[in-house]
Amino acid sequence: MSTTVGELKEALKKVLPTLPHKMGVLAIEFSMERFRNEDWFDTSSVKWKPRKSKKDDKGRKLLVKSAVLKNSIRIVKESPQETVVGTDVKYAKVHNEGDQSTVTVKTHTRTVSVYQTSKSNKKKIQSGTKKVTVQSHSRKNNIPQRQYLGESQALTKRLVDMVGNEIYNSLNKK
């Protein structure tokens, strides 16, 4: 089958308006796959660093406790020229890029439990609370990068394949 320039123009006229949204949906699916596989995939899979072991977190997927972050991935900007996929969750960037910075914690008060040891069975029992002042200090963040959004050769290939298929299918729908 041969295609004329006119037929190609018509196919592109039909397909082009739908591509930005379809590309955004494909990028969101790629991001969801990162959460399922717990990896970043550019030219090859790079597994996310495991969490430090906590008894109550065993078996739970990384970056998914309430699923707020995962469910926030969406198309944030869409026009005929571009589609931007992202999130508005304030801690998203730290997890996507990692953070090894040092921050200063301001002086603040904290309520702590006060315990007394029972004379009869020698167990500690909470007898109340008290407020303590925590002095200003610095803290080193050590949050590993667990990328789920960004440029990826694997995603680019999927997008190029999808665009090609859309054009091909439009040409063959006569």
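How many salt bridges does a search of the whole structure find? The search finds eight, a salt bridge being a side-chain nitrogen of Lys or Arg within 4 Å of a carboxyl oxygen of Asp or Glu. This is a predicted model, in which local features need pLDDT of at least 70, side-chain atom pairs count only at pLDDT 80 or more, and totals for chains, interfaces and linings use all residues. Residues are numbered from 1 along each chain as its sequence is written, and side-chain values use heavy atoms, with hydrogens and water left out.

**View 1. Asp88 and Arg74 form a salt bridge.** Their closest N and O atoms are 3.4 Å apart. Asp88 sits in the loop between β4 (83–86) and α4 (92–97), and Arg74 in strand β3 (residues 74–78), so the pair ties together parts 14 residues apart in sequence. Helices (H or I, at least four residues) and strands (E, at least two) are DSSP runs, numbered from the N terminus. Asp88 is exposed, at 57% relative accessible area. Arg74 is partly exposed, at 37%. Buried means under 20% relative accessible area, exposed over 50%, and partly exposed in between (1.4 Å probe, protein chains only).

**View 2. Glu82 pairs with Lys77 in a salt bridge.** The closest N and O atoms lie 2.6 Å apart. Glu82 is partly exposed, with a relative accessible area of 34%. Lys77 is also partly exposed, at 44%.

View 3. Asp161 is partly exposed, at 37% relative accessibility, whereas Lys157 is exposed, at 52%. Elsewhere, salt bridges that share partners join Glu33, Arg34, Asp39 and Arg158 into one network.

**View 4. Helix α2 covers residues 19–37.** Its 19 residues should span 27 Å at 1.5 Å a residue, the expected span being 1.5 Å times one less than the number of residues. The end C-alpha atoms are 27 Å apart, which agrees. Buried residues of α2 include Leu19, Leu26, Ile28, Phe30, Met32, Arg34 and Phe35. What covers the buried residues of α2 includes α1 (5–15), β1 (39–41), α3 (68–71), β3, β4 and α5; contact here means heavy atoms within 4.5 Å. Just after α2, Glu38 takes a positive phi of about 55°.
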